[in-house]
Amino acid sequence: MSVIEQGSPRKKTKSVYVSTVISIALVLLMTGLLGLILVHAKNLSRYVKENIVLNVIVNENVNEGDVLSLQKDLEKDSYVLRSEYVSKELAAKNLKEDLGEDFVEYLGRNPLLPSIDIYMKEQYANSDSIQMFIDKIGKNSRIKEVVYQESLIDMVNKNIRVIGIVILAFTVILLIIAIALINNTIRLAIYSQRFLIKSMQLIGATKNFIRKPYIMYGIAHGLIGALIAILLLVLTLHFAQKQVPELVFLRDWFEFAMIFIIVLGLGILISGASTYFAVTKYLRAKSASLYR
């Protein structure tokens, strides 16, 4: 009978600890998923901005050597990320593919001019910086005009700004929820140990002596929960990139590693701190209040 009586509380305690770890893991998983969304959104924003193209149309009387020289000069500019030279022949080929018919054969000549496609650095992919860049290079006699979609750039920057604010707000809210959920889960786990805590205190054990093993368990639970969450995040990331191969260009393992470290740190910090405060609460409580 005594074995059964002793085994029952142990099983109950183990089940409480297991449920605590699972709860921590699930909350940290949601936090990590939002972190991954933030990273992908940031990388997607950079990718979109760095692929906004400015078509620098070159005058017809400029030879190819001068065009290539102009391209090198443009690439030296601090605003420019990269550039691509588009010859008359390549421009005609691209337009033929877009139209689905050979317009050169119909017209009898190629009316297109050579151009240089300019891709701006992320921080300069806005209307003001682009206009400053155009004003700067517009004085070059080899350049006929610069063509770009101003309305598209304004729309992209506006939408990215709005999406960024929304995601940031969700991040803050979810972080608060994560802290509250983990804290409540641990408080419930410690609640089942309140009589043991008070009994140890009544027989003369110091507060630090009582707190220490619980805090160590709390940190261990946070660590295990965080590791489970990180494993699930890696599997989710792998599955997402397998289903959507285009996500590969948004992959940044350094930023992902930072998210995993943050998840690990949150698990340990929140669990340890919540355990400390929960145990301290019952150390300060009066014996009569434990039955409420």
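Reply: In this predicted model, ring pairs join Tyr-79, Tyr-124 and Phe-133 into a cluster. A search of the whole structure finds four aromatic pairs. A pair of aromatic rings is described by two quantities, the distance of the centres and the angle of the planes.

Consider the pair of Tyr-79 and Tyr-124. Their ring centres are 4.2 Å apart and their planes stand at 5°; because planes under 30 degrees apart count as stacked, this pair is stacked. Tyr-79 belongs to the loop between α2 (64-75) and β2 (80-86), while Tyr-124 belongs to the loop between β3 (115-120) and α5 (127-137), so the pair links distant parts of the chain, 45 residues apart. As to accessibility, Tyr-79 is buried, with a relative accessible area of 12%, whereas Tyr-124, at 22%, counts as partly exposed. The cut-off that separates the two descriptions is 20%.

Tyr-79 also pairs with Phe-133. Here the centres are 6.2 Å apart and the planes at 20°, so this pair is stacked as well. Phe-133 lies in helix α5 and Tyr-79 in the loop between α2 and β2, so the pair ties together parts that are 54 residues apart in sequence. Phe-133 is buried, at 0% relative accessibility.

Charged side chains also sit over rings. The charged end of Lys-136 is placed over the ring of Tyr-79, 4.6 Å from its centre. In another such arrangement, Arg-82 lies over the face of Tyr-119, at 4.0 Å from the ring centre.

Which residues in α2 are buried? They are Val-67, Leu-70, Gln-71 and Leu-74. These residues cover an arc of only 105° around the axis, which puts them on the same side of α2. An α-helix has 3.6 residues a turn, so residues three or four places apart point the same way. The cover over the buried residues of α2 includes β1 (53-58), β2, β3, α5 and β4 (143-147). Among these elements, α5 is also the helix that holds Phe-133 of the ring cluster.

Definitions and conventions:
Residues numbered from 1 in each chain as written. Predicted model: local features only at pLDDT ≥ 70, side-chain atom pairs only at ≥ 80, totals over all residues. Heavy atoms only, no water. Phe/Tyr/Trp six-rings, centres within 6.5 Å; stacked < 30°, edge-to-face > 60°. Helix = DSSP H or I, 4+ residues; strand = E, 2+ residues; numbered from the N terminus. Buried < 20%, exposed > 50% of the residue type's maximum accessible area, 1.4 Å probe, protein only. Lys NZ or Arg CZ within 6 Å of the ring centre and 35° of its normal. Arc of directions from axis to C-beta. Contact = heavy atoms within 4.5 Å.
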